[in-house]
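Please keep the sequence and the structure in view while reading.

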Amino acid sequence: MASHHDVSDFQKQVLEASQSTPTLVDFWAPWCQPCVILTPILEKLEREAKGRWQLRKVNVDQHPAISQQYRVQGIPAVKLFVGGAAVGEFVGVLPESQIKAFLQAHLPPTEAERILERALAAWQADDAPQAKALLTEFQGLSECTPASNLLDARLRLFAEPQKAEQLVKDIREGDKLQLEADAIRHLAALLHYPPSTEALPDGPAKPHYLQAIGHLTQQAFGPALEALIEGLIREPNYREGAARKHGVALFGYLGASHPTTQAYRRRFDMSLA
């Protein structure tokens, strides 16, 4: 039974259409049981995509020349066309999560995603006001994502540490953003419950540790790292290595490309040796 997804004119419905809308092509056959399993998954994802891409189906029995042209050897075979050319493919039935990852990896970024990329680049260039403006623009166009929540948490951390911690609560073990989220959680706890002078044990590192905390609360990251490094050199295990943990968290918060990370990371690592 034909559906609106069936291809009758590959040139028009796939190659030309993919110039404006990425087109996912499912090469299939009615007798192929894995194809029957895959189809509803693809149709569900297309509905959720809300026009970002479209699904088309090619019956390999009815269109052998197209199947041969695109080297379809086993089915189901799924190919993504963008700008008139195939940019990615997979064969067989994949779990929905893996198909989503495939699409995310191969689809061109949306306008909102491009704005978020610019916001992240502004953050890494130490331009927090621009990052905040672009993040606000992104939030007006798209639902929040783990990456946008992480950037939001970075921007709010010093004014609203509890809110920042809340924004990253769902980024947990196994997520590619876990280390940065852990850094937010560590610094949020430190900012919300800064240690008092009286509660800190005495030792050669204590004055430097206190200086570091003071600089950190004022967002003076360079001086904070200078003080942490000095404390590490004098007493590496002060407060069970608290200076090391704070430094690692600060670098995680700033990101690897941030100018402050670039300026201090090597010296910090050397102080741990």
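The model is predicted, so local features need pLDDT of at least 70 and side-chain atom pairs count only at pLDDT 80 or more, while totals for chains, interfaces and linings use all residues. Residues are numbered from 1 along each chain as its sequence is written, and side-chain values use heavy atoms, with hydrogens and water left out.

**Helix H7 and its cover**

- Ser-148 belongs to helix H7, which spans residues 146–156; helices (H or I, at least four residues) and strands (E, at least two) are DSSP runs numbered from the N terminus.
- Ser-148 has a relative accessible area of 1% and is therefore buried, a term for values under 20%, with exposed meaning over 50% and partly exposed the range in between (1.4 Å probe, protein chains only).
- Beyond residues up to four places away in sequence, Ser-148 touches Leu-116, Leu-135 and Phe-138, where contact means heavy atoms within 4.5 Å.
- The buried residues of H7 are Ser-148, Asn-149, Leu-150, Leu-151, Asp-152, Ala-153 and Arg-154.
- The cover over these buried residues includes helices H5 (111–124), H6 (128–141), H8 (161–167), H9 (178–192) and H12 (242–254).

**The packing of H6 and H7**

- Two packed helices are described by the angle between their axes and the distance between the axes.
- H6 and H7 pack at an angle of about 140°, with their axes 11 Å apart; axes are lines fitted to C-alpha atoms, for helices over the stretch in contact, and angles run from 0 to 180 degrees between N-to-C directions.
- That angle makes H6 oblique to H7, since under 35 degrees counts as roughly parallel, over 145 as roughly antiparallel, 65 to 115 as roughly perpendicular and the rest as oblique.
- On the H6 side, Ala-128, Ala-131, Lys-132, Leu-135, Phe-138 and Gln-139 meet Ser-148, Leu-151, Asp-152 and Leu-155 of H7.

**Aromatic rings**

- The whole structure holds 10 aromatic pairs; rings of Phe, Tyr and Trp (its six-membered ring) pair if their centres lie within 6.5 Å, and planes under 30 degrees apart count as stacked, over 60 as edge-to-face and the rest as tilted.
- Phe-90 and Phe-102 form an edge-to-face pair, 5.1 Å centre to centre with 80° between the planes.
- Phe-90 lies in strand E4 (residues 85–91) and Phe-102 in helix H4 (residues 96–106), so this pair ties together parts 12 residues apart in sequence.
- Phe-90 is buried at 8% relative accessibility, and Phe-102 is buried at 9%.
- Phe-251 and Phe-268 are also an edge-to-face pair, 5.3 Å centre to centre with 75° between the planes.
- Because Phe-251 lies in helix H12 and Phe-268 in helix H13 (residues 259–272), the pair ties together parts 17 residues apart in sequence.
- Phe-251 is buried at 3% relative accessibility, and Phe-268 is buried at 0%.
- Trp-123, Phe-158, Phe-221 and Tyr-253 are linked into a cluster by ring pairs.

**Ile-213 in helix H10**

- Ile-213 lies in helix H10 (residues 206–217) and is buried, with a relative accessible area of 9%.
- Apart from neighbours within four places in sequence, Ile-213 is in contact with Leu-190 and His-246.
- Ile-213 and Lys-169 are 44 residues apart in sequence and 24 Å apart in space, C-alpha to C-alpha.
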